[in-house]
Amino acid sequence: MTEQSVVLAETRAGVRTLTLNRPDKLNAANDELILSLTQQLRQADADDSVRVVVLTAAGRAFCAGQDLSEVDSSRMTEHIHQTYNPLIQTIRSLGKPVITAVNGIAAGAGASLALSGDIRLWAASASLVEVFSNIALVPDSGSSWFLPRLVGYHRAFELMALAEKVTAPEAKRLGLCEHLYPDETFRADVQAYAERLAARPAHALKLTKEALNAAANASLDEALEHEAQLQQVAGAHWEYREGVNAFKEKRAADFLNRPQT
């Protein structure tokens, strides 16, 4: 890692941690950061040694949203198409679990990024603000898709219309995050959680993510059929054989090391 990078990358125990690194700007997103993060995610997806990806940030903020000093209001649609949309699509289609580890304020597009993970872990001092209406803009980067699915249309509209700050305890109550950790131990707690996830069956989790993504916009019949198809794929994988053998032998399954054939 180099301190000049806008996104730092580190791998430990199968966990690739990507850290937004513009702390002096509260990790506000510019084109360089968004494009670099998207590239780093794709590299992690292609690396077989990476089993889980963690997105977090340096300093006291997670992401304060778009860097307004770099906004061209005449090309907003084009800018979103080239930057934020590919980033969010990459996260949601990544064949590995993505943990968003929210260490501080997540505002605007940063709120969308915080909500985009498969697992959301928050520090006790973290908060979220759908701040778009403060500058008369519309929530983007997936917020209009993520937030109402988590809290319902009416609460989502209120949070967006009034730009109300959601504290960590309230986020946990609303279902915006799965776990809260003390600020002092946050990074160690996130790493421990990520390593626990990394020990699970990677291929099965990839298929599980695919099933959930597809089911979000499917009928029950379509979801049932997709599950049946994916189950056949899962059952043909060595992880399934290892899981069944471990169950029969009354031992913990080892999904990290493929048995020799």
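User: Hello! How do I find empty space in a structure like this?

Analyst: Welcome! Rolling a probe the size of a water molecule over the atoms shows where empty space is left. In this predicted model, the largest pocket holds about 510 Å³ of space.

User: Which residues lie nearest the centre of the largest pocket, and how many residues line it?

Analyst: The lining has 24 residues, and Arg92, Gly117, Asp118, Ile119 and Leu212 lie nearest the centre. By class, eleven lining residues are nonpolar, five are polar and eight are charged.

User: Which element gives the largest share of that lining?

Analyst: That is α9, with six residues. The elements that each supply at least two residues are β7 (119–123), α5 (143–151), α8 (186–198) and α9 (202–215).

User: What is the volume of the second largest pocket?

Analyst: The second largest pocket has a volume of about 420 Å³. It is lined by 21 residues, with Gln66, Phe132, Ile135, Leu137 and Asp140 closest to its centre. Its lining divides into 14 nonpolar, five polar and two charged residues. Helix α2 (residues 76–82) gives the largest share of this lining, three residues.

User: How many cavities of 30 Å³ or more does a search of the whole structure find?

Analyst: The search finds one, and the volume of this largest cavity is about 70 Å³. Residues from α1 (31–46), α3 and α4 line it, with two or more from each of these elements. The lining residues include Leu33, Ile34, Leu87, Ile88 and Leu113. Nine of the lining residues are nonpolar, two are polar and none is charged.

User: Leu87 is on that list. Is Leu87 buried or exposed?

Analyst: To judge this, look at the relative accessible area: under 20% counts as buried. Leu87 has a value of 5%, so it is buried. You can find Leu87 in helix α3, where it touches Ile34, Leu37, Thr38, Leu41 and Leu113, leaving aside residues up to four places away in sequence.

User: Which residues touch the most other members of the largest nonpolar core?

Analyst: In this core of 44 residues, they are Leu37, Leu41, Val53 and Leu55. Take Val53 as an example: beyond residues up to four places away in sequence, it touches Arg16, Leu18, Leu41, Ala44, Leu94, Pro97, Val98 and Ile99. There is also a second, separate core of 15 residues, and among its members are Ile99, Ala101, Val190 and Leu197.

User: Now to helices. How do I read which side of one faces inward?

Analyst: An α-helix has 3.6 residues a turn, so residues three or four places apart point the same way. In α5, the buried residues are Ser143, Phe146, Leu147 and Val151. They lie on the same side of α5 because they cover an arc of only 95 degrees around the axis.

User: Which elements do the buried residues of α5 pack against?

Analyst: They pack against α3 (84–93), α4 (109–115), α6 (153–162) and α7 (168–174).

User: What should I know about phi in other residues?

Analyst: Most residues other than glycine have a negative phi, and most peptide bonds are trans. Ala163 is not a glycine, yet its phi is positive, about 50 degrees. Ala163 sits in the loop between α6 and β9 (165–167). Lys250 also has a positive phi, near 55 degrees, in a residue other than glycine, and its place is in the segment after α11.

User: Is Ala163 buried or exposed, and is Lys250 buried or exposed?

Analyst: Ala163 counts as buried, at 13% relative accessibility. Over 50% counts as exposed, and Lys250, at 77% relative accessibility, counts as exposed.

User: Where is Trp238 found, and which residues does it touch?

Analyst: Trp238 is part of helix α11 (residues 238–248). Apart from residues up to four places away in sequence, Trp238 touches Asp254, Phe255, Asn257, Arg258 and Pro259. With a relative accessible area of 12%, Trp238 is buried. Sequence and space can also be set side by side: Trp238 and His203 are 35 residues apart in sequence, and their C-alpha atoms are 9.3 Å apart in space.

Terms used
Residues numbered from 1 in each chain as written. Predicted model: local features only at pLDDT ≥ 70, side-chain atom pairs only at ≥ 80, totals over all residues. Heavy atoms only, no water. 1 Å grid on protein atoms, 1.4 Å probe; cavity = no way out; pocket = protein on both sides within 12 Å on 5 of 7 lines; lining within 4 Å. Points joined across faces, edges and corners; volume = space filled by probe spheres on them. Helix = DSSP H or I, 4+ residues; strand = E, 2+ residues; numbered from the N terminus. Nonpolar A, V, L, I, M, F, W, Y, C, P; charged D, E, K, R; others polar. Buried < 20%, exposed > 50% of the residue type's maximum accessible area, 1.4 Å probe, protein only. Arc of directions from axis to C-beta. Contact = heavy atoms within 4.5 Å. Core = buried A, V, L, I, M, F, W, Y, C linked by side-chain atoms within 4.5 Å.
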